[in-house]
Amino acid sequence: MLGWVDTLLQGVLLGGLYSLYATGLSVIFGIMRLVNLAHGDLIVLAAFLTLALAALGMPIVIALAIVVPLMFAGGYALQSVMLNRVLGRNILPPLLITFGLSIIIQNGLLETFSADTRFLNVGPLQGASLPLGGGIAIGVMPLICLVAAVAVILLLNAVFYRTGVGRAFRATSDDVEIARLMGINDKSIYALTMGIALAVCAVAGFFLGARANFDPSIGPARLLYAFEAVIIGGLGSLWGTLAGGIVVGLAQTIGAHVDPEWQILSGHVAFLIVLVIRPRGLFPRAVD
Amino acid sequence: MAVLETRELTACYGDFQALFGITFALDEGETVAIIGANGAGKSTFLKAITGLLPRQAAAVRLDGRDIGTLPAFEIVKLGVSLVPEGRRLFSSLSVEENLLVGAYGRRIDGPWSLATVYQLFPMLRDRRHAPSTALSGGQQQMVAIGRSLMSNPRILLCDELSLGLAPIVIRDIYAALADIKTRGTSVVLVEQDLVHAMSVADRAYCFMEGRVSLSGRPQDLTRDAIHAAYFGL
């Protein structure tokens with residue numbers, strides 16, 4: 001019994017990490033209808049950037065504080081220099097570009113950092129845990145990760161639903177032609193969107209490295225988890241994305257509890273089950 | 001002097017040419033109607049002016065300045081605002097948010113604000129937190145007009161205001177339009193509804209197959225002339 005409670009708790013905490021993976025993807029798709037196949041690799045790239053800065057001797061939190069704006073700037077540039085040129089009715093060109101980007105990032109990281117497995121050293125927090133009584137304890141880092149996931153979504157929702165720029169984001173997502181008529185420069189909205197998404201990737205990369213090992217090849221699997229979380233949650237809702245991340249996380253830990261070999265598989269199975277029962281996800285936006 | 005002019009304006013959708021050299025002028029404070037059958041190029045004309053369609057640099061002039069190379073989001077800042085055909089409200093935004101987005105490109109001081117738009121359309125105030133999709137067609141048209149007014153346009157381009165609306169609602173919309181005109185706004189009115197268009201217009205252009213087939217003041221245009229220019233018979 002206690003084992004199951006523990007499993008469920010760990011699943012929810014793991015879901016926090018997955019929803020961090022997925023939030024950026026959800027924002028990009030929600031506003032631009034762009035599928036970013038390099039998303040997982042960008043998360044890994046952010047983890048390596050943080051690692052490199054920390055290796056220079058700076059505290060890991062400072063490294064993160066530098067990587068977040070760095071990734072924002074990178075996303076802004078990527079969108080305005082490259083992706084804005086191919087965004088249009090045809091979804092294939094941006095898909096191919098991000099696919100190419102994924103390969104370039106993986107190989108670039110392999111060339112620079114080798115295939116060695118790394119982790120981010122967060123000091124005494126690394127293995128710290130909070131006893132909850134009854135023999136159950138939760139890790140401090142996983143807890144901070146879940147809190148960060150919720151905080152990121154709260155922050156993004158505050159921007160999207162409480163500010164004038166946020167209204168412009170949603171208006172652009174609804175009808176880009178009319179948004180232009182209102183004086184909104186859709187290209188710069190898109191560049192900001194990619195910047196925001198990659199800033200979230202930086203946070204996700206930090207927790208990826210702080211919770212587990214990483215190497216240049218693990219991006220595509222993160223992308224898959226992120227995709228599943230977005231689809232399970234329902235397109236267009238960030239809280240749905242959080243729920244989707246938690247569903248994948250729960251399914252994986254429950255699967256692993258039954259048999260460690262089933263961890264990854266049961267996440268995918270949960271995804272397929274949700275697709276069969278609720279093809280539009282758990283919390284689809286009312287109007288598509 | 002004309003505030004808005006087009007000279008030999010042509011426009012295409014890909015390989016399909018929809019406008020064949022439209023020369024048009026709108027004076028300060030004037031209301032001009034553009035009439036014509038479906039597919040005559042009326043909406044295309046408004047899209048070309050507002051920058052939603054590519055056009056030639058010198059073909060569109062505002063206050064004597066070429067605006068043909070400016071993107072759509074810059075043109076609204078100069079005071080030209082379009083009420084698009086079929087309303088096209090932002091479906092995930094509330095009524096008030098739709099109006100506020102209309103003020104995004106506002107660079108001009110003027111009479112319009114949330115308060116004055118609600119004065120013009122009082123029933124929108126009660127429904128301001130409702131999703132825009134929950135409104136009736138007439139109310140949606142009011143939001144669309146209000147949204148365009150929020151940028152304080154000097155020139156308001158209206159595409160098929162009466163489309164799909166009940167006669168009594170159309171009367172309200174046209175009453176509001178008269179109110180808007182009294183504030184000095186110049187209006188271009190694209191309509192298939194001849195009677196309404198002619199009743200408020202100072203001048204009218206009739207389009208046929210992408211060309212101006214007739215123009216003049218409504219009282220000078222005979223029924224037969226309009227009929228011929230409209231249908232090409």
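Strands here are DSSP runs of E with at least two residues, helices are runs of H or I with at least four residues, and both are numbered from the N terminus. The model is predicted, so local features need pLDDT of at least 70 and side-chain atom pairs count only at pLDDT 80 or more, while totals for chains, interfaces and linings use all residues. Residues are numbered from 1 along each chain as its sequence is written, and chains are lettered from A and ligands numbered from 1 in the order in which they are written.

Strand S1 (residues 2-13) and strand S2 (residues 16-27) of chain B pair in the antiparallel sense over 9 bridges; two strands pair if DSSP finds at least two bridges between them. B:Tyr13 has B:Phe16 in S2(B) as its bridge partner. S1(B) also pairs with strand S4 (residues 60-62) of chain B, in the antiparallel sense and over 3 bridges. There, B:Glu5 stands opposite B:Arg61 in S4(B).

Next, the open sheet of chain B. It has 6 strands in the order S6-S7-S8-S3-S9-S10, with mixed pairing. Its edge strands are S6 (80-83) and S10 (211-216) of chain B, each of which pairs on one side only. From one strand to the next, the twist averages 20°. Within this sheet, strand S3 (residues 31-36) of chain B runs parallel to strand S9 (residues 203-208) of chain B, and 5 bridges join them. B:Ile34 stands opposite B:Tyr205 in S9(B).

Which helix lies across S3, S6, S7, S8 and S9 of chain B? Helix H1 (residues 42-50) of chain B does, running at about 145° to S7(B). Axes are lines fitted to C-alpha atoms, for helices over the stretch in contact, and angles run from 0 to 180 degrees between N-to-C directions.

One loop residue deserves a word. B:Glu85 is found in the loop between S6 and H3 of chain B. Because B:Glu85 has 17 C-beta neighbours inside 10 Å, it counts as partly exposed. On this scale, a residue with 20 or more other C-beta atoms within 10 Å of its own is buried, one with 12 or fewer is exposed, and those in between are partly exposed, with C-beta atoms placed from the backbone. Not counting residues up to four places away in sequence, B:Glu85 touches B:Ser43, B:Asp159, B:Glu160 and B:Leu163. Contact requires C-beta atoms, placed from the backbone, to lie within 7 Å.

I turn to chain A and its helix packing. Helix H1 (residues 2-32) and helix H5 (residues 140-162) of chain A pack at about 30°, with their axes 7 Å apart. H1(A) and H5(A) are therefore roughly parallel; that label covers angles under 35 degrees, whereas over 145 is roughly antiparallel, 65 to 115 roughly perpendicular and the rest oblique. By class, the contact of H1(A) with H5(A) has 14 nonpolar, 3 polar and no charged residues. Ala, Val, Leu, Ile, Met, Phe, Trp, Tyr, Cys and Pro count as nonpolar, Asp, Glu, Lys and Arg as charged, and the others, Gly among them, as polar.

How do H5(A) and H8(A) pack, and at what angle? The angle is about 170°, with the axes 10 Å apart, which makes H5(A) roughly antiparallel to H8(A). The residues in contact include A:Met141 and A:Pro142 of H5(A) and A:Val200 and A:Phe207 of H8(A). They divide into 9 nonpolar, no polar and 1 charged.

Helix H6 (residues 164-174) of chain A is mostly covered, with 8 of its 11 residues buried. Those buried residues pack against H1, H5, H7 (176-181) and H8 (186-211) of chain A, together with H3 of chain B. A:Tyr76, in helix H3 (residues 60-86) of chain A, counts as buried because it has 20 C-beta neighbours inside 10 Å.

Finally, the interface. In it, 21 residues of chain B are in contact with 17 residues of chain A. H2 (72-75) and H3 (95-102) of chain B are the elements that give two or more residues to the side of chain B that touches chain A. H3(B) gives the most, with 4 residues. The residues of that side divide into 11 nonpolar, 7 polar and 3 charged.

Note on methods: Contact = placed C-beta atoms within 7 Å.
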